[in-house]
Amino acid sequence: MPNDDDMVLVISNAPDLLLAKRIAHVVVEEGLAACVNLGAPMLSIYTWKGQVEGAEEVPMWFKTTQARLDTLMRAITRMHPYEVPEIIAVPVTASAAPYRDWVRAQTAPRETSQ
């Protein structure tokens, strides 16, 4: 059973760099991910509704914690134009302790001012 502070790598993609940047900015600003890496556009080949298709996509890698995973996945889905966006969560089994601590600190629930 995963712990809330376990680190998770979430993999997704976007149809273009502008949307990828927007998604990354929003989820980091909201504390749902500590960091999002955007890769160079790549060609994805897949079957959709019975047809083999290809599309250029921008890969995205989100670093978060188990506690923030569901909310992060909902945020990506909300901002994503695809009917079925790729969102894959992979548990991080090892990482440098200072990096892990930084991810945890960046994604910790924030105090709300009243």
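# A guided look at the fold, core and pocket

Visitor: What share of the contacts with a separation of 6 or more comes from residues 24 or more positions apart?
Guide: Contact here means heavy atoms within 4.5 Å. This is a predicted model, where local features need pLDDT of at least 70, side-chain atom pairs count only at pLDDT 80 or more, and totals for chains, interfaces and linings use all residues. Residues are numbered from 1 along each chain as its sequence is written, and side-chain values use heavy atoms, with hydrogens and water left out. Among contacts in the protein chain with a separation of 6 or more, the share from residues 24 or more positions apart is 73%.

Visitor: In what order do the elements run from the N terminus on?
Guide: Helices (H or I, at least four residues) and strands (E, at least two) are DSSP runs, numbered from the N terminus. The protein chain has 3 helices and 5 strands. Their order is β-α-β-β-β-α-β-α.

Visitor: How much of the protein chain is buried?
Guide: Buried means under 20% relative accessible area, exposed means over 50%, and partly exposed is in between, using a 1.4 Å probe and protein chains only. The chain has 114 residues, and the buried part is 33%.

Visitor: Which element supplies the largest share of the lining of the largest pocket?
Guide: On a 1 Å grid over the protein atoms alone, a pocket is an open set of points where a 1.4 Å probe fits, with protein on both sides within 12 Å along at least five of seven lines; lining residues have an atom within 4 Å of a point. The space in this pocket is about 240 Å³, a volume filled by probe spheres set on grid points joined across faces, edges and corners. Its lining includes Asn13, Tyr46, Trp48 and Glu86. The largest share, 3 residues, comes from β3.

Visitor: Are the rings of Tyr99 and Trp102 stacked, edge-to-face or tilted?
Guide: Rings of Phe, Tyr and Trp (its six-membered ring) pair if their centres lie within 6.5 Å; planes under 30 degrees apart count as stacked, over 60 as edge-to-face and the rest as tilted. The count comes to 1 aromatic pair. Tyr99 and Trp102 lie 3 residues apart in helix α3 (residues 97–107). Their centres are 5.6 Å apart with 40° between the planes, so the pair is tilted.
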